[in-house]
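Me: I would like to learn how to read a structure such as this one, feature by feature. Could you take me through it, giving the general idea before each case?

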Amino acid sequence: MAHPNNDIVPTVDGLAYGGDYNPEQWPREVWDEDVRLMREAGVNIVSVNIFAWAGVNPGPGEWDFTRLDAIMDLLANAGIKADLATSTASPPPWFSERHPETLPVNAEGVRLNSGARAEYCPHAPAFQEAVTEMASRLAARYAGHPALAMWHVGNEYYRSCFCDLAADAFRAWLQDRHGSLAGLNDAWGTVFWSQTYSAWSQVLPPRICAETPNPGLVLDWQRFSSDALLSLFRAEAGAIAAHSADKPITTNLMVTGDFSGIDYHRWSEYTTGPNRLVATDHYLIPEHDSDIAWPAQVAFGADASRGLAGGSPWLLMEQAANSSAWRRGYFAKKPGDQIRHSLSYVARGSEGAMYFQWRASRYGAERYHSAMLPHGGADSRVFREVKQLGAHLKRLAEIKGSTVVSRAAVLLDFESSWAAKTPGQPSADMATYPELRRWHAALWRRGVTTDLVNPAWDLSGYEYVFAPHLYLLDSDANLRAYVEGGGTLVIGPYSGVVDRNDRVHPGLPGAIRDLTGVRVEEFMPLPEGAVAVLDDGTEGRTWTEAAHALDAEVLASFTEFPSTGALFRRRLGAGEVWYLATRPVDLGPLLDRLGLTADVPEGIELVRRRHEDGRTYLFAVNHTDAPQRFDASGHDLLTGRPWTPATALAPGEAAVIRE
Ligand code: GLA
């Protein structure tokens, strides 16, 4: 459960603006130019020491803080704050050579070599000790430094390892979870294919094996790997807090793509609350590779981040000014995109906008990654926009600490998404995240501000809750309470199917059968490109079910199987629950039926932030190519001019209206 915290970057003046800063890649004279240009651009915080382990700790027992001292002092003198990283995401070659057991082993059993980054096994004691010592030494040295604003632990945790140390730790974790070997055999259904374990030593990580592995094992392995990374984060955070109790601690979570294999909701107990903050990295999928336009992608990353923060403000730690080096196909953003995108993140709860990275690297794997200061230098479109954005953010200081007003929620459950990917599924196309993203984008097009939240959290504040794909669900209790209390819940197909151990609930759709009043007789997945036509004219794709009403109204049926319902509604208590037995190609007609019609033309993004004392700000971003008017009155913080419903927002422009 996430804990509230509305004051996440207290020592930064106004909103945070900056990026990863790697001065160790540059001669000293460039640092002075960096600081001059940062000040020119309004940068007030940078993330330093992210990948600089080899500089601070160049060999066993050797510590050298000279360079980091100079960087911190440089920033302090320039009035720029530091988000000081612990550098533990990239152990240097000397460390791997000395502790070869810390190099990670993949599922094939191959130990990876050093030569890149994130080369560690989270279960190796030598690594655990080294990172804790690093965090402790840094915290002891810099806790009182005037540049220090916050701590940045590791970088984008994601690594898993299949080595023997991991196997031992996995067994201990399983013992804790299942109590006994008998409990584990029962949970995983190991009687199937004679997989019954008679000793703990027989239990292995899901290394590559002869055929389809046990899905219960695969699912527990993901939970275990997520917990192991959380332990690493907590070890470093604890070591920091022992010396530096008054500064926020964070790590950059990933909201790009399919997140990162971590259950960030389970982490939220340690990433939210006093002196913690949710910081996220978001990289857009190039529009040539996605059905979802960038503004809607930005909104998804932002709304997911706000969800991880439990609705509190959060911080966009990394975005790209242009292309990311690791994407298929290099691309340039359109003029103004980075400004519109950044304001949209801020509209949706970010307390600023940060980038990877400040200055483009001349060498290394990411030498073609974009940056605030590109290879083209300060006389560039990108840097001119960086300066313009800095000026905008400065004018928005008074929104700091406010939160976002949302009407709807889309349910995101990490465990369920993992379970839906376990091998042996009836359709390889029933992925969770693309479907969540599609529903979220449909709501975005209607101008509905949507939170992405865990199904077990309090949902009572939402008018609408959407569960596009909730494959794993143990109990319907929380969803039922939401509906009975007056909410409208819409559930997509192939939901409620399995329990926490990936065992199919008897009587489909399992955990939601009573709640929806629907009985599913069989699954009928569709081949790629095929559509099922409904008698209300809409079409479904990917998946259909032979579904019948037990205690629900049938609102639409499949034309090919008229006895088979495709869209159901059940009134329950003060609310209602809707169930879909297919994935609609176009979600618009369903949103119409739900009364979610748009108040503004598509492409006008209107999001409201509100202070506890009632002051509100309407963020408006015009993603269309025509001037747009909408019903708002107040004062635009970006231009300093009054705003009335007659005021037109020019194409590509944004306004932040103090109401
Ligand atoms: C991630 C990492 C950064 C950098 C960027 C590039 O977000 O945290 O170090 O590699 O990707 O997009």
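Reply: Let us begin with a term: a residue counts as buried when its relative accessible area is under 20%, and as exposed when that area is over 50%. Please keep in mind throughout that this is a predicted model.

Me: Which residues of strand 13 point one way, and which the other?

Reply: In strand 13, residues 464-467, Tyr464 and Phe466 point one way while Val465 and Ala467 point the other, and all of them are buried.

Me: How is strand 13 paired with other strands, parallel or antiparallel?

Reply: As a general idea, the strands of a sheet pair through backbone hydrogen bonds, either parallel or antiparallel. In this model, strand 13 pairs in the parallel sense with strand 11 (residues 408-411) over three bridges, and Ala409 stands opposite Val465. Strand 13 also pairs in the parallel sense with strand 14 (residues 488-491), over four bridges, where Phe466 has Val490 as its bridge partner. Between these last two strands comes helix 15 (residues 477-484), and strand 13, helix 15 and strand 14 make a right-handed β-α-β unit.

Me: Which other strands make a right-handed β-α-β unit with a helix?

Reply: Strand 8 and strand 9 do so, together with helix 11 (residues 337-347). Strand 8 (residues 314-318) runs parallel to strand 9 and is joined to it by two bridges, with Leu316 and Ala353 as bridge partners. As for its cover, six of the six residues of strand 9 are buried.

Me: What is the strand order in the open sheet of four strands, and why is one side of each edge strand left without a neighbour?

Reply: The order is 2-3-4-5, with parallel pairing. Strand 2 (45-48) and strand 5 (249-250) stand at the edges with a single partner strand each, so one side of each has no neighbour in the sheet. Within this sheet, strand 3 (residues 81-85) and strand 4 (residues 148-152) pair over four bridges, and Ala85 stands opposite His152.

Me: Where should I look for antiparallel pairing?

Reply: Look at the open sheet of six strands, whose order is 10-22-23-26-24-25 and whose pairing is antiparallel. Its edges are strand 10 (403-404) and strand 25 (642-643), each of which has a single partner strand, so one side of each is left without a neighbour in the sheet. Strand 22 (residues 604-610) and strand 23 (residues 616-622) run antiparallel and are joined by seven bridges, with Val607 standing opposite Phe619.

Me: How do I read the sides of a helix, and which residues of helix 7 are buried?

Reply: An α-helix has 3.6 residues a turn, so residues three or four places apart point the same way. In helix 7, the buried residues are Leu181, Leu184, Asn185, Ala187 and Trp188. These residues cover an arc of only 165 degrees around the axis, which puts them on the same side of helix 7. On the face turned away from that buried side are the exposed residues Ala182 and Asp186.

Me: Which backbone angles deserve attention, and where are the residues concerned?

Reply: Most residues other than glycine have a negative phi, and most peptide bonds are trans. Here, a cis peptide bond joins Phe356 and Gln357, with omega about 5 degrees, and Gln357 is placed in the loop between strand 9 (350-355) and helix 12 (381-395). Another cis peptide bond joins Leu508 and Pro509, with omega about -5 degrees; Pro509 lies in the loop between strand 14 and helix 16 (513-516). Asp502 is found in the loop between strand 14 and helix 16 too, and has a positive phi near 65 degrees. Ala118, in the loop between helix 4 (93-98) and helix 5 (125-142), has a positive phi near 55 degrees.

Me: Are Ala118 and Asp502 buried or exposed?

Reply: Ala118 has a relative accessible area of 7% and is therefore buried, and Asp502, with a relative accessible area of 13%, is buried as well.

Note on methods
Residues numbered from 1 in each chain as written. Predicted model: local features only at pLDDT ≥ 70, side-chain atom pairs only at ≥ 80, totals over all residues. Heavy atoms only, no water. Buried < 20%, exposed > 50% of the residue type's maximum accessible area, 1.4 Å probe, protein only. Pairing = 2+ DSSP bridges. Right-handed = clockwise from strand over helix to strand, strands pointing away. Arc of directions from axis to C-beta.
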